[in-house]
Amino acid sequence: MKVIAAYLLAQLGGNSTPSANDLKKILNSVGADIDDVKIELLLSQVEGKDINELIAAAKQRLASTTTTTSSMSFGCVGGCTNNNANVDGQVEEKKEEKKVEKVEESDEEDFNFSLFD
């Protein structure tokens, strides 16, 4: 949600096509964590689309859904659970790749030290 909020703030500020760096500046200004994977994913999904049309379509979908929460997953409206699962899977894969790289780099530890060097 932070990335989407940053994108919308950039749009409101007059930047019709915010870049990843624009979003990072906004997120840094409020001290938010930056997730490059989520930023790139959002930018790839909204590329070439008008934000006003996306918001109008989302409002339409929200208005046409039923309010029975037992059939909906929490935090997802309509039939978006399958798409969210794919996005979450992609984000988790990227995070795991980064963790593996960090572990491989830290395998070598130097224990040759002296307190009085």
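Trainee: At what angle do the axes of helix 2 and helix 3 cross, and within what distance do they come?

Mentor: An axis is a line fitted to C-alpha atoms, for a helix over the stretch in contact, and angles run from 0 to 180 degrees between N-to-C directions. Here the axes of helix 2 and helix 3 cross at roughly 130° and come within 10 Å. This is a predicted model, in which local features need pLDDT of at least 70 and side-chain atom pairs count only at pLDDT 80 or more, while totals for chains, interfaces and linings use all residues. Residues are numbered from 1 along each chain as its sequence is written, and side-chain values use heavy atoms, leaving out hydrogens and water.

Trainee: How are helix 2 and helix 3 oriented to each other, and which hand does their crossing have?

Mentor: Angles under 35 degrees are roughly parallel, over 145 roughly antiparallel, 65 to 115 roughly perpendicular, and the rest oblique. Helix 2 and helix 3 are therefore oblique to each other. A crossing is right-handed if the near helix is turned clockwise from the far one by less than a right angle, and left-handed if anticlockwise. The crossing of helix 2 and helix 3 is right-handed.

Trainee: Which residues of helix 2 and helix 3 meet?

Mentor: With contact taken as heavy atoms within 4.5 Å, Ala 20, Leu 23, Lys 24 and Leu 27 of helix 2 meet Asp 36, Ile 39, Glu 40 and Leu 43 of helix 3. By class, this contact of helix 2 with helix 3 holds 5 nonpolar, no polar and 3 charged residues. The nonpolar class is Ala, Val, Leu, Ile, Met, Phe, Trp, Tyr, Cys and Pro; the charged class is Asp, Glu, Lys and Arg; the others, Gly among them, are polar.

Trainee: How many salt bridges does a search of the whole structure find?

Mentor: The search finds 1 salt bridge (a side-chain nitrogen of Lys or Arg within 4 Å of a carboxyl oxygen of Asp or Glu). The side chains of Asp 36 and Lys 24 form this pair, at 3.1 Å from N to O. Asp 36 belongs to helix 3 and Lys 24 to helix 2 (residues 20–29), so the pair ties together parts that are 12 residues apart in sequence.

Trainee: How does helix 1 pack with helix 3?

Mentor: Helix 1 (residues 2–12) and helix 3 (residues 36–46) pack at about 55°, with axes 10 Å apart. That makes helix 1 oblique to helix 3, and the crossing is right-handed. Val 3, Ile 4 and Tyr 7 of helix 1 meet Lys 38, Ile 39, Leu 42, Leu 43 and Val 46 of helix 3. This contact has 7 nonpolar, no polar and 1 charged residues.

Trainee: How many helices and strands does the protein chain have?

Mentor: Helices (H or I, at least four residues) and strands (E, at least two) are DSSP runs, numbered from the N terminus. The protein chain has 5 helices and 0 strands, in the pattern α-α-α-α-α. Of its 117 residues, 19% are buried.

Note on methods
Buried < 20%, exposed > 50% of the residue type's maximum accessible area, 1.4 Å probe, protein only.
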